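Hi,

Here is the structure I promised to pass on. Have a look at it first, and then read my notes below.

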Amino acid sequence: MSLQDVARKYAVAVSPHLLSLVDPADPDDPIARQFLPSLEELTTLPEERADPIGDAAHSPVPGIVHRHPDRVLFKVVAACPVYCRFCFRREMIGPGKDNALSKEDFEAALAYIAAHPEIWEVILTGGDPFILSPRRIAEITGRLAEIAHVKVIRWHTRVPVTDPERVTDELVAALHAPGATAYVAVHANHPREFSSAARTAIARLADGGVPLVSQSVLLKGVNDDAETLADLMRAFVENRIKPYYLHHPDLAPGTSHFRMGIEEGLTLVRKLRAQVSGLAMPTYMLDIPGGFGKVPLESNNVEKTATGHRVRDARGEWHDYSSLL
């Protein structure tokens, strides 16, 4: 086995900006661990799934995932400027995949949103939608804002910290259109991702009137200690990003080396809560495998069992989750 075998199986791309953040003298560098391929990725466990959070089960038309009544995911692109080694959509994105919706599928997705007045929020994801040109982003923003019941357009992106030069004044302007409010969820997992260039890109968004929230994943060998998590959450707040979700890793193929047990995660989050203010505290979430939605792990919706845990979804149904204790 070689890294070429990894690259044949899972997309590999690392931006020059990210490479500049890697410490070559540190064999456990947390930036390298997130983005550079590893032979550990060739180990697939029985419980791992190609579609770990069940997107396909809730996809009425290509590009749309309608899991919750008032909001949809709109997957406009299936490519990223970099590929995270823990990605939960790693089987669906990258070279050789359908990297963008066809014109027909794009129109069908908009028609679906328009036909469902309960949809209040559209979440742009992928892939990373910030790899699109400002012209294309403006087109998407404008078309969504024309739908009267769509009030919030939320963009999920890694770009401000992985390829910050893409965040231009033109891109920021493209996020705004009359009739809808733009939000951006910025994904970062380690405080060193907040380089000076990243801070400039984030400031451009904030100064441009875009409310910012955070997304992070709890990753073994990257941020699995309370001090690193505290530094990360404080970095978000210092950069005008409200900590939002800290995700338990999904059961994506070849990612077991990033995962810890739920009990370990809960212990870390309790330590984090003792160190930071409420302003800097995210919600620790598990996306229930199979498409049953998210559940906050610090709640009575989670119970320990002899083989792991069981978790209760928003409909009150319980599901076993036994990958690690």
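Let's start with the largest cavity: Tyr10, Ala11, Tyr83, Cys84, Arg85, Cys87, Arg90 and Ile93 line it. By class, that lining has 6 nonpolar, no polar and 2 charged residues. (Ala, Val, Leu, Ile, Met, Phe, Trp, Tyr, Cys and Pro count as nonpolar, Asp, Glu, Lys and Arg as charged, and the others, Gly among them, as polar.) The volume of the largest cavity is about 60 Å³, and the structure holds 1 cavity of 30 Å³ or more.

Some background before you go on. This is a predicted model, where local features need pLDDT of at least 70, side-chain atom pairs count only at pLDDT 80 or more, and totals for chains, interfaces and linings use all residues. Residues are numbered from 1 along each chain as its sequence is written, and side-chain values use heavy atoms, with hydrogens and water left out.

On a 1 Å grid over the protein atoms alone, a cavity is a set of points where a 1.4 Å probe fits but cannot get out, while a pocket is an open set with protein on both sides within 12 Å along at least five of seven lines; lining residues have an atom within 4 Å of a point. Grid points are joined across faces, edges and corners, and a volume is the space filled by probe spheres set on the points.

Now the largest pocket, which has about 1,000 Å³ of space. It is lined by 48 residues, and Phe88, Arg89, His156, Gln215 and His247 are the closest to its centre. The lining of this pocket splits into 24 nonpolar, 13 polar and 11 charged residues.

Next, helix H10, residues 262–275. (Helices, H or I with at least four residues, and strands, E with at least two, are DSSP runs numbered from the N terminus.) Its buried residues (under 20% relative accessible area; exposed is over 50%, partly exposed in between, with a 1.4 Å probe and protein chains only) are Ile262, Gly265, Leu266, Leu268, Val269 and Leu272. Seen down the axis of H10, they fall within an arc of 165 degrees, so they line one face of the helix. (The arc is that of the directions from the helix axis to the C-beta atoms.)

Two backbone spots to check: a cis peptide bond joins glycine 126 and glycine 127, with omega about 15 degrees. Arginine 240 has a positive phi of about 65 degrees although it is not a glycine, and this arginine 240 sits in the loop between H9 and S7.

Cheers

How values were computed: The expected span of a helix is 1.5 Å times one less than its number of residues.
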